Amino acid sequence: MLSKSRLLAAAAMALMSGAAVAADRHIVIMQALTGSGAFAGSPVSVGMKYGFDEINASGFLGNDTIKYTIVDDASDRGQATSGVARFAQDPNILMVLGPTIGPTGVAASAVANEQKFPIMPLTNALAVLNAGAWSFIASQPAPVTMPLLGDYAVNVG
């Protein structure tokens, strides 16, 4: 079994390999394009798409390109978990970037960890990290950010 640091190193090498043969790196952008999380998921999916297009256009990965599929999790746990279970079975998909909101992210992370498949929900819910070594959060949780904001308010504000 790979340690978390070895897994991350392997993933980075896979994404940035300068192999002579061009390879497609498939990533799923699973965000809430509808439902209660669409206020965040819709613009985030546009930003991720833009970022991958820029990486591909710049030639940053050499001959390799990032191929992405944008999927709506509809802010729904069932839709997110069934999507992650399906994508985890496809050996061509490297990971899922999403879901958008906490409840869908936590549920999808449990499925991803059962499948040993990397996932990065947009949420800062610590339960995503507690699901196991295959799930990551995209932003700092409240126990990290709130003390800093409190110190700033007291000392500067």
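Reader: Which residue has its charged end over the ring of Phe87?
Author: First, a note on the model: it is predicted, so local features need pLDDT of at least 70 and side-chain atom pairs count only at pLDDT 80 or more, while totals for chains, interfaces and linings use all residues. Residues are numbered from 1 along each chain as its sequence is written, and side-chain values use heavy atoms, leaving out hydrogens and water. A charge sits over a ring if NZ of Lys or CZ of Arg is within 6 Å of the ring centre and within 35 degrees of the ring normal. Here the charged end lies 4.8 Å from the centre of the Phe87 ring, and it belongs to Arg86.

Reader: In what order do the strands of the open sheet come?
Author: Strands (E, at least two residues) and helices (H or I, at least four) are DSSP runs numbered from the N terminus, and two strands pair if DSSP finds at least two bridges between them. Strand E1 (residues 24-31) and strand E3 (residues 93-97) are joined by 4 bridges, and E3 is joined to strand E4 (residues 119-120) by 2. The pairing is parallel, and the order is E2-E1-E3-E4.

Reader: Why is one side of E2 and of E4 left without a neighbour in the sheet?
Author: Both strands, E2 being 65-72, stand at the edges of the sheet. So the reason is that each has a single partner strand.

Reader: Which residue in E4 does Leu97 stand opposite?
Author: Leu97 is in E3, where it stands opposite Ile29. Towards E4, the residue opposite Leu97 is Met120.
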